[in-house]
Amino acid sequence: MQFDMSRRLASEAIGTAFLVCAIVGSGIMADMLSDDIAVSLLGNSLATGAILFALITILGPISGAHFNPAVTFAFCLKRDIGLSEGLMYIAAQIAGGLIGTMVAHLMFSLDIIQISINARTGGGQWIAESIATFGLVGIIFAGIRFNANAIPALVGVYIPAAIWFTASTSFANPAVAIARSVTDTFTGIRPIDLPGFIAAEFIGAAMAVAIFGWLLNETRSSVD
């Protein structure tokens with residue numbers, strides 16, 4: 001089944017909007033219900049994994065369900081999609097992410113746009129973002145190679161795990177990072193911290209393209 005570009009871009013925008021709305025909204029809800037940061041993070045991570053599983057399952061057949069400029073960048077590096085298509089995907093993802101934050105704010109009767117003061121910076125956080133994005137892209141590539149039907153579940157369980165094992169709580173997504181800079185809630189990030197996070201995410205994606213491109217390339221024995 002083939003879908004035209006307008007439908008694919010709508011899929012990317014809608015998917016990213018729902019993803020960010022789930023991330024920001026679950027963070028607000030968790031913060032309202034508990035003063036325990038660990039409990040809030042658990043609720044946030046479970047909601048994020050669940051929405052990813054659902055969104056990738058239903059929108060993957062339309063656009064590939066990237067919802068992430070780093071993933072789109074990785075497919076561009078592999079030349080699976082063209083540069084112009086990739087740039088349109090990224091624009092749709094960023095727009096969708098910002099809409100997702102605003103909708104979450106409206107649901108909880110908050111100011112529609114806020115500027116986060118939540119500091120997330122430093123070498124450890126940048127390394128964490130590179131590792132988180134490397135793992136995400138690697139899982140997608142390996143999933144495509146061996147079991148494409150499992151990708152929604154693979155991503156849906158990987159991201160909650162990465163939220164817990166990385167120092168940055170695994171944004172692993174430049175569009176999500178940008179969207180989270182305009183919410184001064186549990187999941188926010190200061191705008192000034194965005195460049196470090198985004199650079200680290202693209203570096204992680206490029207590393208995954210190189211390493212998994214080699215890893216998934218079967219050795220073919222020559223026949224005399």
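**Exercise 1.** In this predicted model, find the residues in contact with L136, leaving aside its neighbours within four places in sequence.

*Solution.* Step 1: list the partners, which are N68, V71, V155, Y158, I159 and A172. The largest nonpolar core has 40 residues, and L136, F141 and V155 have the most contacts inside it. At least two residues each come from α1, α2, α3, α5, α6, α7 and α8.

**Exercise 2.** Describe how α3 and α8 cross, and classify the residues of their contact.

*Solution.* Step 1: the two axes come within 9 Å and cross at roughly 35°. Step 2: the crossing is right-handed. Step 3: α3 contributes P69, A70, F73, A74 and L77, while α8 contributes E201, F202, A205, A206 and V209. Step 4: sorted by class, the contact holds 9 nonpolar, no polar and 1 charged residues.

**Exercise 3.** Classify the ring pairs F73–F202 and F134–F212.

*Solution.* Step 1: the whole structure has 5 aromatic pairs, these two among them. Step 2: for F73 and F202 the centres are 5.1 Å apart and the planes stand at 80°; over 60 counts as edge-to-face, so this pair is edge-to-face. Step 3: F73 is in α3 and F202 in α8, 129 residues apart. F73 is partly exposed at 27% relative accessible area, and F202 is partly exposed at 25%. Step 5: the rings of F134 and F212 have centres 5.5 Å apart and planes at 50°, so the pair is tilted. Step 6: F134 belongs to α5 and F212 to α8, so the pair ties together parts 78 residues apart in sequence. F212 is buried, at 16%.

Methods
Residues are numbered from 1 along each chain as its sequence is written. This is a predicted model: local features need pLDDT of at least 70, side-chain atom pairs count only at pLDDT 80 or more; totals for chains, interfaces and linings use all residues. Side-chain values use heavy atoms; hydrogens and water are left out. A nonpolar core is a set of buried Ala, Val, Leu, Ile, Met, Phe, Trp, Tyr and Cys residues joined through side-chain atoms within 4.5 Å. Buried means under 20% relative accessible area, exposed over 50%, partly exposed in between (1.4 Å probe, protein chains only). Helices (H or I, at least four residues) and strands (E, at least two) are DSSP runs, numbered from the N terminus. Contact means heavy atoms within 4.5 Å. Axes are lines fitted to C-alpha atoms, for helices over the stretch in contact, and angles run from 0 to 180 degrees between N-to-C directions. A crossing is left-handed if the near helix is turned anticlockwise from the far one by less than a right angle, and right-handed if clockwise. Ala, Val, Leu, Ile, Met, Phe, Trp, Tyr, Cys and Pro count as nonpolar, Asp, Glu, Lys and Arg as charged, and the others, Gly among them, as polar. Rings of Phe, Tyr and Trp (its six-membered ring) pair if their centres lie within 6.5 Å; planes under 30 degrees apart count as stacked, over 60 as edge-to-face and the rest as tilted.
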